[in-house]
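Have a look at the structure first, then read on.

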Amino acid sequence: MNAKIVDYLRDSIKEKGIKYKFISEKTNIEYQRLIRIFNQNAVISGSELICLCKVLNIQQSELMALIDNIA
């Protein structure tokens, strides 16, 4: 499930043209941590997910749709 969520977030970042540096500054998630999440399949915590969704303007319903598609 982590991979689907990270893929969704990565696609949203690319679509919006946002840089990881900007996300790092807005979320207070260290840049290197973001790189590990998006490029090295590190597990994303709930608090990190909430921060990323706020910055990317992703609604909870969008994430729930991903989970529904897994089941």
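This is a predicted model: local features need pLDDT of at least 70, side-chain atom pairs count only at pLDDT 80 or more; totals for chains, interfaces and linings use all residues.

Which residues in H1 meet Ile 37, Phe 38 and Asn 39 in H3? They are Val 6, Leu 9, Arg 10 and Ile 13.

| Helix pair | Axes come within | Crossing angle |
|---|---|---|
| H1 (residues 2-16) and H3 (residues 31-39) | 9 Å | roughly 115° |
| H2 (residues 20-27) and H4 (residues 46-56) | 10 Å | roughly 115° |

Angles of 65 to 115 degrees count as roughly perpendicular, and H2 and H4 are therefore roughly perpendicular to each other. The crossing of H2 past H4 is right-handed. On the H2 side, the contact is made by Phe 22, Ile 23, Lys 26 and Thr 27, and on the H4 side by Cys 51, Leu 52, Val 55 and Leu 56. That contact has 6 nonpolar residues, plus 1 polar and 1 charged.

Back to H3 for a moment. Its buried residues are Arg 33, Leu 34, Ile 35, Ile 37 and Phe 38, and what they pack against is H1, H2 and H4. Just past the end of H3 sits Asn 41, with a positive phi of about 60°.

Now for the core. The largest nonpolar core has 21 residues, and Leu 9, Ile 23, Phe 38 and Leu 52 have the most contacts inside it. At least two residues of this core come from each of H1, H2, H3, H4 and helix H5 (60-70).

What does Leu 52 touch, if you skip residues up to four places away in sequence? The list runs Leu 9, Ile 23, Thr 27, Ile 29, Leu 34, Phe 38 and Ile 44.

Over in helix H5 you'll find Leu 63. Is Leu 63 buried or exposed? Leu 63 has a relative accessible area of 11%, and buried means under 20%, so Leu 63 counts as buried. Leaving aside neighbours within four places in sequence, Leu 63 is in contact with Ile 5, Tyr 8, Leu 49, Cys 53 and Ile 58. Take Tyr 8 from that list: Leu 63 and Tyr 8 are 55 residues apart in sequence, yet 8.6 Å apart in space, C-alpha to C-alpha.

Methods:
Residues are numbered from 1 along each chain as its sequence is written. Side-chain values use heavy atoms; hydrogens and water are left out. Axes are lines fitted to C-alpha atoms, for helices over the stretch in contact, and angles run from 0 to 180 degrees between N-to-C directions. Helices (H or I, at least four residues) and strands (E, at least two) are DSSP runs, numbered from the N terminus. Contact means heavy atoms within 4.5 Å. Angles under 35 degrees count as roughly parallel, over 145 as roughly antiparallel, 65 to 115 as roughly perpendicular and the rest as oblique. A crossing is left-handed if the near helix is turned anticlockwise from the far one by less than a right angle, and right-handed if clockwise. Ala, Val, Leu, Ile, Met, Phe, Trp, Tyr, Cys and Pro count as nonpolar, Asp, Glu, Lys and Arg as charged, and the others, Gly among them, as polar. Buried means under 20% relative accessible area, exposed over 50%, partly exposed in between (1.4 Å probe, protein chains only). A nonpolar core is a set of buried Ala, Val, Leu, Ile, Met, Phe, Trp, Tyr and Cys residues joined through side-chain atoms within 4.5 Å.
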